Amino acid sequence: MSTKDGSIPEDYPRLRMVRSPRIHPISESQLLSEVKQIYAGLVMVEAKCVEVDGKQAALAKAMEQEGLSLPKLTNEQWQALIALHRTLLYEHYDFFLASQHPSASASLRGLAAKHGMPARMWRHGIHSFLELLRHRLPHSMEHMLTFIYLAYSIMALLYETVPAFEKIWIECLGDLGRYRMAIEDDDVEDRGAWTSVARSWYSKAADKKPSVGRLYHHIAILARPNVLQQLFFYCKSLTVSIPFAFARQSILFLFQSVSSNNLPASHTQLVNVCFVKLHAIWFTCINFNHFDGVLNEYVSLLDLHISEVGEKWTVQGCLVAVCSIAALYQYNTRESKLRQAWKEGRTVVKEEEADEVPAQIPGQGTGNECDNFLPPLPREANSEHATTLLAPASSKGKENAEEYKASVTASNRDEALDASSCVPWKYAIKMGFKIFNLVLQRIDDNHILPHVHSWLAFLYHIKDSIPAIRLLENDLPWDSLVTLLNSLIKSEPASSSHMDSSLNFATPTFPRGQNRPLPEDWTLRGLEWTENYLPQGWIEDAKVDDEERLLELPSFVALRKQRILWLAYKLAEAGDWLTYDTASMRFSVHPAVLERIR
């Protein structure tokens with residue numbers, strides 16, 4: 001209270017300023033002690049989880065072999081198991097917070113990676129228990145939901161607070177979303193919501209690691225019932241730089257569903273089912289005598305289908321091209337003739353990418369003072385984060401799929417053509433180039449340009465290996481391609497000279513337009529045959545929302561034409577397949593390739 005002149009009366013109690021408590025920064029030795037203490041408790045809980053989950057898994061296996069049903073666990077037993085695994089997750093969380101503390105040294109921060117803590121957390125804290133719960137469904141449904149929500153909340157917290165392992169947390173969140181989706185049979189809306197959640201996390205993970213095939217495999221599972229998207233993601237999971245071999249088994253479930261004809265009979269789905277059937281015949285080496293009939297049916301439906309769906313085929317066309325090219329690579333098998341020819345004749349040898357963690361000489365440390373601070377890690381700790389394949393929801397679906405896989409195996413053993421023969425590979429050539437030729441006939445249709453763009457990007461890659469392109473040149477529709485290329489040049493007014501004009505393609509640099517990727521660029525990234533096409537950081541540096549990636553803007557048409565013509569120009573520069581006359585501004589088939597074809 002103050003007087004009239006603003007002064008404070010003498011008898012007014014004085015306010016005393018209290019100093020804030022002095023904060024002592026945590027020392028390195030204190031952090032080390034804290035981490036050591038947390039790790040000691042973590043290892044004890046982890047060992048108990050491994051023991052309990054192992055016993056339950058062994059019991060389940062023994063009961064299954066004897067044809068007996070598993071004994072039900074009481075609510076108290078389930079709650080005890082959940083509490084045990086919850087404790088392990090909390091211990092891991094404390095370990096990450098302490099080891100990744102801002103005051104921690106580089107060597108202390110590296111302990112989590114060195115001892116495989118993220119993989120151990122997933123394997124022993126989450127995944128093994130989820131599998132235990134899954135194999136006891138439907139009796140364990142309520143407890144499985146409780147644990148999924150618990151694990152999801154902890155993973156989301158780690159995603160926010162421990163960014164050093166962001167890529168792993170994102171994939172774990174996708175896996176948990178996929179588990180939640182897979183066990184939801186009653187509420188269609190809930191199942192759809194969790195499908196979207198899981199797909200969103202996997203897409204975010206693919207943004208971080210576009211060359212990892214495992215992520216596209218998981219997205220393929222979530223793409224049901226869209227058979228074209230499923231086929232595309234399975235093919236991509238097999239043909240990226242780090243392919244996912246289990247996709248060869250999962251894709252059989254797609255082929256089985258198509259062969260059983262249990263799909264909606266819409267015209268769009270009918271066309272896509274025909275396309276998937278072609279790949280089923282080629283992939284499994286079964287019913288080659290039906291291949292030509294299915295291919296002719298697909299081609300007869302495709303032209304009308306493109307007209308009907310219009311702009312939607314800008315997306316679908318790119319998927320069809322990528323799947324056709326995957327077939328040419330024989331889905332990345334070791335016997336792939338195209339891959340072998342590429343390796344034999346490539347003109348640009350790329351250095352092998354270094355491992356994230358360099359190999360060490362036995363007996364030589366990393367130079368970190370914390371290397372021997374913690375006990376040796378378990379044998380399983382260095383395994384990469386991965387989720388086992390989720391079984392079909394129903395036992396009937398599982399039995400049908402197993403029967404189909406058995407028939408495929410038997411046919412491949414007894415009836416399929418020899419893998420060293422070129423006859424099966426000719427079916428892939430016939431399929432891909434017959435579809436490509438039909439698309440090239442639609443000269444005035446801008447909706448087919450992403451399909452053409454994808455094929456030109458593939459040829460841009462394959463041109464660096466003479467033996468590889470020689471395998472294809474006899475069947476490539478050169479005349480139709482040249483006709484389309486010249487029509488693209490004619491479609492642009494000769495007076496157009498701005499940078500985005502499709503006529504501005506005879507340049508050494510990649511056409512960037514307005515520095516925004518085309519929708520198909522997102523689809524093509526990660527594939528081995530686009531690594532040297534898209535510039536470094538072209539996708540990563542693009543500030544485009546997920547919802548807008550496949551949005552077709554009016555400006556994309558001119559840029560897409562420019563890209564196609566630029567790729568053709570580069571192909572003409574590289575060898576004797578195309579020629580380009582700068583005076584007349586026309587492409588033509590090179591006389592040398594015509595002579596070789598004849």
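Why does Phe 458 count as buried? Phe 458 counts as buried because its relative accessibility is 0%, where buried means under 20% relative accessible area, exposed over 50% and partly exposed in between (1.4 Å probe, protein chains only). The points below begin with this residue.

1. Basis of the note. This is a predicted model, in which local features need pLDDT of at least 70 and side-chain atom pairs count only at pLDDT 80 or more, while totals for chains, interfaces and linings use all residues. Residues are numbered from 1 along each chain as its sequence is written, and side-chain values use heavy atoms, with hydrogens and water left out.

2. Aromatic pairs. A pair of aromatic rings is described by the distance of the centres and the angle of the planes. Rings of Phe, Tyr and Trp (its six-membered ring) pair if their centres lie within 6.5 Å; planes under 30 degrees apart count as stacked, over 60 as edge-to-face and the rest as tilted. A search of the whole structure finds 33 aromatic pairs. In one of them, Tyr 329 and Phe 458 are edge-to-face, at 6.1 Å centre to centre and with 85° between the planes. This pair links distant parts of the chain, 129 residues apart: Tyr 329 is in the loop between helix H14 (313-328) and H15, and Phe 458 is in helix H18 (residues 449-462). Helices (H or I, at least four residues) are DSSP runs, numbered from the N terminus, as are strands (E, at least two). Both Tyr 329 and Phe 458 are buried.

3. Trp 455 counts as buried because its relative accessibility is 0%. Ring pairs link Tyr 329, Phe 433, Phe 436, Trp 455, Phe 458 and Trp 529 into a cluster.

4. The loop between H14 and H15. Tyr 331 is also placed in the loop between H14 and H15. Tyr 331 has a positive phi of about 55°, although it is not a glycine. With a relative accessible area of 3%, Tyr 331 is buried.

5. Packing of H15 with H19. The axes of helix H15 (residues 337-345) and helix H19 (residues 466-473) come within 6 Å and cross at roughly 140°. Axes are lines fitted to C-alpha atoms, for helices over the stretch in contact, and angles run from 0 to 180 degrees between N-to-C directions. H15 and H19 are therefore oblique to each other; angles under 35 degrees count as roughly parallel, over 145 as roughly antiparallel, 65 to 115 as roughly perpendicular and the rest as oblique. The residues of this contact (heavy atoms within 4.5 Å) include Leu 338 and Trp 342 in H15, and Ile 466 and Leu 471 in H19.

6. Cis peptide bonds. A cis peptide bond joins Leu 137 and Pro 138, with omega about 5°. Pro 138 is in the loop between helix H5 (117-134) and helix H6 (141-161). The peptide bond from Arg 224 to Pro 225 is also cis, with omega near 5°. Pro 225 is found in the loop between helix H9 (213-222) and helix H10 (227-239).
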